[in-house]
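These are my notebook entries on a structure that I am opening for the first time. I record what I looked up, topic by topic.

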Amino acid sequence: MTGGAELQMLRETAASFAANELVRDREERDRYPFSPLPLDVLEKAHRLGLFSLTVPEDLGGGGQGIRALAALLAVTGETDASLGGVIFVNALAQEICLRSGAEGALAGLIEAESAPQALMALPAWDDPRITAPSLRAVERDDGWMLDGRAEYVALAGLALRALLPADTGKEGVSFFLVDRQSGGLGLSDPLVSHGLRACPIWDLGLSEVPGALVGEEGAGVRVFEEAYSRMLPAAAALAAGILRGSLREALEYTKQRRQGGRVIAGWSEVRMILAGMAMASQEADMLVREACRAVEEGYPGWRLAVRAASLRAMDLACEATTDGIQLLGGNGYMVEYHQEKRFRDSRQVQALMGAQDLKRQELARLLLEEGLPG
Amino acid sequence: MERPERRSLLDDYPAFDDIYCSLRALRRMPKAVIGETRRAVELARRFNREVVRPRALELDLRKQEDPDHLPWDLVEEADRWGFYTMFIPRLFGGGGFNFPALSCVLEELASGCTGIANLVGVHYLGVATLCSSWNLRLMNRVMRDTVDGHRNGKPCLISLAITEPDAGTDVEEVELVRKAKVSCHARKVKGGYLVNGRKIFISNGHLSTWHMLIAYEDLQHPETSTVMLAVRNGTPGFSFGRQEHKMGQKACPASELIFEDCFIPEENVCFDVRQGNAEVTPEEIERIIMQVIDYVVSGSRAGVGAFGTGVARGAFEEALRYAAETEVDGKLLVNHEWAQCLLAEMYKNVAISRLTYMETNYANSLYGMFKALNYRPVFYLMKLLPRPVFDRVLQPLLDLPAVTRLFRKIYFDWQPQAFTRRTSGWASLSKFAATDAGVRNCQLALEMMGRAGLRHQGRVEKHLRDSKLLQIYEGTNQLNRLNLFKCLIAPKVPQARVFEE
């Protein structure tokens, strides 16, 4: 568990990084793939250890827990959630490896010289428990071979390794590490996504591509279930950070912009919207804190608490960032004011690890199976 | 019951005439409106299938890559299909389709791409603004320019230039513009006006030939000094500035218009309340300016309601397509009960939104801008008279000042306030109800589809980006709620004051 002072130091480091590196050029970075990939920002984040925060210390990582990761993502989300997206995707891939008992899969990543070497690609918008992977894996004498198509793989054209779920036949879903430079692996053009555009995404085509099994064969569903329960608060934290950024921008704007002969914050309907956003922001922050506590303490019913709190925080971010544009009127719809980016980013985050409605169905299933605690 | 008592019961709040516009309108509606609306929808669906859907995503990407790109090819295509002239009355050389059918066309187009629907719809916002001046001479001149452009293969669109850097919401309401910081100045000079200032967020600005410019003679008192000027491209002192970089609706540019000592001759002055009416009081000026604004927004907000309905439908259709071909937990999503309920909810949002813009159009046909054209004898006269009668006999009459005076008498002086409140209130209701539903359906579709909806090719993410602007332009949805209150609720509460907080 991370101590209070340590957490505060992390927040300050992240805030300083965000102020120095993420504010500048965020509009241009968000134009990807119509602008270059922001490799310089990724390299600095890597050197700062932001891509290995939750990797155990004995593996060379930061050894931090979910609260620290959530704090980092909330701070980056407030300024430019795309970097938060990269951090989240990579951390989820690392978590899957760790939950698989495949610490070796992380070897070399931490000390890597460059961000592409340190990062792992992952189809982070999929839930392999619900949507069967379209990749097939067959074991040969010389190892596992993967065939098929993997859609919407975040960081695939950037990271040198990809962690991909595949169907191994009767044993079901398993995770494999694939070298991006393998022959037989084809990348689509970078996809144009709704949000988190500087967290780039590609489709992959695999034909006889060697893959290294991560953990046990057929353990994919169990492993993802564990990783999902532990990482949902991190995604929610990113959403809460976006929400906070939207509120901050709206607050500043409504204190400056004049209509009807006064600053618009003086109009009571504007105040009602501001109040709604502030309530949503505070609620989301509290939900994230509670979800993190649930993960760290593992109290009875913690998995239900994590899901309910995290999904709600994501919904709140989507609702409030819509108001965040509205309070800026026409300006809020223009890229220069960044509210439209937060609106898009919040939706992109909401769909992490599966469509929101499927996550709701999954929550209901858990509730029915395990009931309410106490 | 005696007649006065019955009348009193029906006038009780909510007044029968305020809430059942359709009941009254249907009886008076010419039957040919139905067939004509069918033809308009057929055309729009074919255009959607052959032009909008195949090009919408490509154009959106093109604009993301090059924000300064202008979609002239699409404008030319829409013009070839007749969309820029079909709703112009035959009196002015156009196709003469009934105006309410425009909303149906806009819903169809917006279900494919709201940005492209705007390329058509915003032109009619310009037309509506021009018509709200009831300056028959200029209406004839400008709309015939559009008709000539159609004949010559050179689209001639009309835009409305009203929003300013420091005045967005303010310019939609006389009570607000009184305190607004407006900057587009029209100084009266010999033979016309000299204009200086900037307009921003002007939809279709770069693509239009005529611009209905709202400017102010006295920047300290815009509420009593508003003028409407018709500015044609090429006028010295008028130029285009930048295009805004918007989140969505990328097909339709939002332009900056710059006026630097731009001289607008008297013959291009659409509307100036004092024109030939020097004795008019400030209160009367404010009433007439608000009347003009209400005529415009009563039509245009029904159109935005149709955009909202269309985008809600577009999102619904993509969600339905996805649900019908995607398996979840071993069976098609469309066969999961929760998905069926969700799709029903989305369908409901579309249907209710459509009802609101239809009801608004019924109100407009009975009490608003369309009322003369929808009067059965006028309607059929307009359909049946041969074109040469319009072109050779009636057209010269439109240049007579007396004709403009007569129409202004009818539409400004004889228009009961209750009529204006009814059309404007319903238009606001439709605007915010349908556009909120549009955003809502896009969100629901995304939550069902996950990454399939987030992909650009999935269309839903574009629908969502496009839909958000609908809650902002033509008055924010907050302003429209206030206008509904002002028009349909406040009359019940004499002590209620709006915009005076």
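How far apart do the C-alpha centres of domain 2 of chain A and domain 3 of chain A lie? I find them 29 Å apart. I note that this is a predicted model, in which local features need pLDDT of at least 70 and side-chain atom pairs count only at pLDDT 80 or more, while totals for chains, interfaces and linings use all residues. Residues are numbered from 1 along each chain as its sequence is written, and chains are lettered from A and ligands numbered from 1 in the order in which they are written.

**Entry: domains of chain A**

I looked up the division of chain A and found domain 1 (4-118), domain 2 (120-217) and domain 3 (221-370); such bounds come from an automatic or database domain assignment. The contact between domains 2 and 3 of chain A takes 15 residues from domain 2 and 14 residues from domain 3, where two residues are in contact if their C-beta atoms, placed from the backbone, lie within 7 Å. On the side of domain 2 of chain A that touches domain 3, I recorded seven nonpolar, five polar and three charged residues. Here Ala, Val, Leu, Ile, Met, Phe, Trp, Tyr, Cys and Pro count as nonpolar, Asp, Glu, Lys and Arg as charged, and the others, Gly among them, as polar.

**Entry: a hairpin in chain B**

I then turned to strands S2 (residues 185-189) and S3 (residues 192-203) of chain B, which pair in the antiparallel sense over five bridges. Strands (E, at least two residues) and helices (H or I, at least four) are DSSP runs, numbered from the N terminus, and two strands pair if DSSP finds at least two bridges between them. S2(B) and S3(B) form a hairpin with two residues between them. In its turn, B:Gly191 has a positive phi of about 85°. The bridge partner of B:Val189 in S3(B) is B:Gly192.

**Entry: chain B against chain A**

Which helix gives the most to the side of chain B that touches chain A? I first noted that the contact takes 39 residues from chain B and 36 residues from chain A. Helices H4 (32-65), H16 (417-449), H17 (451-454) and H18 (460-470) of chain B each supply at least two residues of the chain B side. H16(B) gives the most, with six residues. I recorded the residues of this side of chain B as 15 nonpolar, eleven polar and 13 charged.
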